[in-house]
Amino acid sequence: MTHAKLTSLMARGAAFFGCESAILCGAMSWVSERNLVSAISNAGGFGVIACGAMTPELLDAEIAATRALTDKPFGVNLITMHPMLFDLIDICAKHDVTHIVLAGGLPPKGSIEAIKAKGAKLICFAPALSLAKKLVRSGVDALVVEGMEAGGHIGPVATSVLAQEILPEMAAQVPVFVAGGIGRGEAIAAYLEMGAAGVQLGTRFACATESIAHPNFKKAFFRASARDAIASVQIDPRLPVIPVRSLKNAGMENFTAKQREVANLLDEGAVDMLEAQLQIEHYWAGALRRAVIDGDVEGGSLMAGQSVGMVTKEEPVAEIIAQLMDQAAAALERRVA
């Protein structure tokens, strides 16, 4: 089978990242660390470290450890509401990180300039066409269009709808990568033909051989189907909680109780809105760690996209990427035939 057509469609995205295949790994806290990130980059994709709630010192060590495992390009995902965001940007600059992904909201004032001043490429999430245009006007180098089928923090619109809205308007201006619910190469081929420069996958890589996720975490994924990956519910309209998609368990129910607790603190004036949001984020970070690292699949958070039903066994990253590329190439050949 020839991959010529696929290579041609992926050329822009691959050139943007400096990799062979325009397959970006979504940043998954506790999962997207040195082992998985380096394995993805070494296999021709583009790995991204999930900084999450890391301190600058921890990120410093993680980037250095990743670089010791690969000489290929990789990126770092930073959360916009992190209280030490600018220190983290400096750490990335210290290591000459080539690509930074900002997630969790609009980039705060000065952050785009700080990243660009160090020479890094900046990728941001665009949950709506209006925001996509605003981000590009602000100097963002590439966009990720992620639909609600994704795991972790999600928006309200499906991947297919966002892709139809945003790709025709924005793909000519900057590279646009589509994410959310992608588990097979046929979907990759379709989005590339629509104008995407590449794709982002997270769930498909979470249980790779190189992933440090606990065996219990991986087994929960293998047993799950698409309908098991549900979105959390916002119980107080005053508390702007971004929904999270994960496998249904006691941890999801505990999150409802946590929202009530934080809402009460807001009522009492004990915390302001930013602190309330940070408490919610810290809940997820802790719950995710319990599941990924400790193997607590009942009380922890099993963040997973609806493509989880396509994750049926542990496979090396290189094999996952090869499968996706073969499936995409075959789909494109069928269209030509």
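Predicted model: local features only at pLDDT ≥ 70, side-chain atom pairs only at ≥ 80, totals over all residues.
Residues are numbered from 1 along each chain as its sequence is written. Local features need pLDDT of at least 70, side-chain atom pairs count only at pLDDT 80 or more, totals for chains, interfaces and linings use all residues, and side-chain values use heavy atoms, without hydrogens and water.

**Exercise 1.** Work out whether Ser307 is buried or exposed, and what it touches.

*Solution.* Start with the place: Ser307 sits in the loop between helix 12 (273–292) and helix 13 (317–336). (Helices, H or I with at least four residues, and strands, E with at least two, are DSSP runs numbered from the N terminus.) Next, its relative accessibility is 4%, so Ser307 counts as buried (under 20% relative accessible area, with exposed over 50% and partly exposed in between; 1.4 Å probe, protein chains only). Last, leaving out residues up to four places away in sequence, Ser307 touches Gly181, Ile182, Gly183 and Thr203 (contact is heavy atoms within 4.5 Å).

**Exercise 2.** Check the span of helix 3 against its 14 residues.

*Solution.* Take 1.5 Å times one less than the number of residues.

**Exercise 3.** Find which residues of helix 3 are buried, and what covers them.

*Solution.* First pick out the buried ones: Pro56, Leu59, Asp60, Glu62, Ile63, Ala65 and Thr66. Then look around them: the cover includes helix 2 (34–42), strand 2 (47–50), strand 3 (74–79) and helix 4 (85–94).
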